[in-house]
Amino acid sequence: MTIKRQRMSPSEALVETLASYGVRDVFGIVGSAFMDALDIFPAAGIRFVPVAHEQGAAHMADGYARVSGRHGVCIAQNGPGVTNFVTGIAAAYWAHSPVVFITPETGSMTMGLGGFQETEQLPIFSRITRYQGHVNSPARMAEIAGRCFDRALLELGPAQLNIPRDFFYGETETSIPVPTRIGRGAGDGAALDAAAQLLADARFPVLLAGGGVILGEATAETVALAELLGAPVCNSYLHNDSFPASHPLWAGPLGYQGSKAAMKLISQADVVLALGTRLGPFGTLPQHGLDYWPQAARVIQVDSDARVLGLVKPISVGIHADARAAAAALIERLGSQPRAADASRDQRLGRIAAEKRAWEEELEGWTHERDPFSLEVARDSKYMHPRQTLRELERAMPESAMVSTDIGNICSVANSYLRFERPRSMLAAMSFGNCGYAFPVVCGAKVAAPERPAIAYVGDGAWGLSLNELLTCARERLGVTVVVFNNCQWGAEKKNHVDFYSRRFQAVNLVNPSWSGVARAFGCEGVTVERLADVGPALRAAVRAQGEGRTTVLEMMVTQELGDPFRRDALSKPVRHLEKYRAYG
Ligand SMILES: Cc1ncc(C[n+]2csc(CCOP(=O)(O)OP(=O)(O)O)c2C)c(N)n1
Ligand SMILES: [Mg+2]
């Protein structure tokens with residue numbers, strides 16, 4: 001369906017299309033390339049959120065989309081503004097975020113002549129987008145813009161809208177598209193029958209709730225299905241918000257720094273229902289010395305992207321479907337069927353509770369790391385243990401908080417200390433794993449949901465990549481809270497030096513200014529926390545300040561101890577063949 005044809009300029013066609021798709025906020029840095037459209041944003045009810053760096057704009061659009069379920073939109077100047085998007089768009093691609101990024105490019109009449117701010121803008125993004133729309137005539141502005149919005153939601157990922165900058169001008173006769181929403185449905189009937197049969201015959205079924213449960217708004221159906229089966233539910237890696245943590249069937253997250261209870265429970269499964277997860281290879285790596293993936297189990301995988309079904313793990317049944325509709329269809333089939341797991345329901349519930357209790361007790365006693373390096377560096381430090389700091393933050397975490405986490409050792413250990421009751425709450429840097437993700441993402445989340453507390457966990461190294469967006473917070477009176485773990489090191493990488501390179505530390509020690517002082521210089525609040533007793537009160541005060549549009553940096557002074565590494569799987573002990581490098585073996 002479209003809105004009737006009218007005479008308008010291509011800029012008007014673009015802005016009318018944005019309005020038609022419900023766009024209220026666009027992130028970016030002002031640029032001549034799109035000024036003709038920007039000029040009329042206010043009249044269309046669109047807020048332009050000016051940022052410090054275009055990477056920040058792309059991350060903000062990602063955070064905005066992840067929290068709202070609506071499109072996140074960003075725009076940049078042709079050439080350098082657009083290339084600054086690359087990392088943010090790659091991150092959004094792996095977070096499955098419907099981001100529409102608008103990339104004006106050099107004018108059509110000089111393209112290829114090597115003018116100002118010229119680069120081919122489609123190839124750069126070709127492997128990190130779900131769809132690329134190129135406006136090849138000003139008359140097609142609205143049509144192609146609308147398609148980008150439709151595709152971003154249909155395929156759950158970034159869509160690029162590329163526009164030669166001279167195509168904003170002129171006159172066209174055009175109609176404005178309206179959103180086309182295409183339901184995916186419950187999937188193939190025979191596959192659902194087979195899956196229901198497997199689940200009915202299962203003695204120890206386990207659910208694995210992934211990002212698709214969040215994106216597909218399938219929480220209620222997932223809870224109902226788990227309750228019907230009396231099955232424990234694990235969160236897939238970094239999707240701790242895919243199942244309510246207070247539910248007795250919740251087992252916790254799998255993967256790096258995940259829950260031992262979840263790992264032990266899934267290792268006993270004879271049938272796994274992987275709901276809305278691609279079963280990414282990093283997310284099921286052994287952890288805590290547990291190689292927990294149940295090799296012999298029958299796996300049912302449900303995903304809205306057919307290409308990930310059976311891609312990483314062998315599966316018995318693949319269902320190309322919407323997580324919510326598929327879960328509902330399975331409930332319907334299973335409700336009227338005898339279920340083998342019913343006989344052992346009480347026993348299983350007891351087992352789930354016992355595993356969770358054991359893991360809680362272990363976490364409670366795990367106040368600090370116990371490897372020789374960590375013991376050494378913590379012995380003479382007056383600062384806080386990272387794990388205890390994370391626990392205190394968890395205790396003070398406000399209800400309905402949105403928490404973004406960066407890539408780093410402490411942010412990863414945080415995986416054990418982040419629990420959520422509602423979806424769209426955990427905004428971790430997903431598989432792309434770029435340092436500098438968490439802060440701009442939480443800024444975007446706050447624009448989408450100003451009423452929710454917004455908290456970013458960031459290592460001090462990653463903070464250096466992203467702190468420029470404090471400018472945006474101060475200028476736009478955006479109130480978020482940043483917890484910076486100051487351990488004066490690129491800790492996650494230092495851990496590899498400890499484990500593999502005989503502590504030959506290179507480029508991993510950091511000399512930092514006072515991060516709280518830096519925050520104040522930006523016009524934000526800054527607090528340095530050195531004592532555990534101050535962690536909770538500091539977080540609560542910072543969250544209160546969000547209500548007044550004030551951003552606070554909480555600089556947590558922590559020891560240099562280091563938890564388990566990211567990539568034990570991908571590193572080897574160094575082997576040197578040349579004499580001059582022998583000492584480096
Ligand atoms: C953009 C980018 N650059 C480099 C890396 C490699 N890297 C992964 S973790 C890490 C260290 C993070 O240090 P910090 O943010 O201080 O957190 P910590 O590990 O100390 O808790 C680095 C450099 C990366 N993931 N992303
Ligand atoms: Mg650090």
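Two strands pair if DSSP finds at least two bridges between them, and strands themselves are DSSP runs of E with at least two residues, while helices are runs of H or I with at least four, both numbered from the N terminus. Before you start selecting, note that this is a predicted model, where local features need pLDDT of at least 70, side-chain atom pairs count only at pLDDT 80 or more, and totals for chains, interfaces and linings use all residues. Residues are numbered from 1 along each chain as its sequence is written, chains are lettered from A and ligands numbered from 1 in the order in which they are written, and side-chain values use heavy atoms, without hydrogens and water.

**First stop: the sheet**

Select strands E9 to E14: these six form an open sheet with parallel pairing, in the order E11-E10-E9-E12-E13-E14. At its edges you will find E11 (250–253) and E14 (317–320), each pairing on one side only. Now pick E10 (residues 233–235), which runs parallel to E11 and is joined to it by three bridges. Click on Cys234, and opposite it in E11 stands Gly252.

**Second stop: the magnesium ion**

Next, centre on ligand 2. Which protein donors (N, O and S atoms within 2.8 Å of the metal, or 3.2 Å for Na, K and Ca; water is not among the atoms, so sites may look incomplete) does the magnesium ion have? They are Asp460 (OD), Asn487 (OD1) and Gln489 (O), lying 2.1 to 2.2 Å from the ion. Along the chain, their spacing is D-x26-N-x1-Q. Asp460 sits in helix H18 (residues 460–466), and Asn487, 27 residues apart from it, in the loop between strand E18 (481–486) and helix H20 (491–500).

Asp460 is buried (under 20% relative accessible area, with a 1.4 Å probe and protein chains only) at 3%, and Asn487 is buried at 5%.

How values were computed: Buried means under 20% relative accessible area, exposed over 50%, partly exposed in between (1.4 Å probe, protein chains only).
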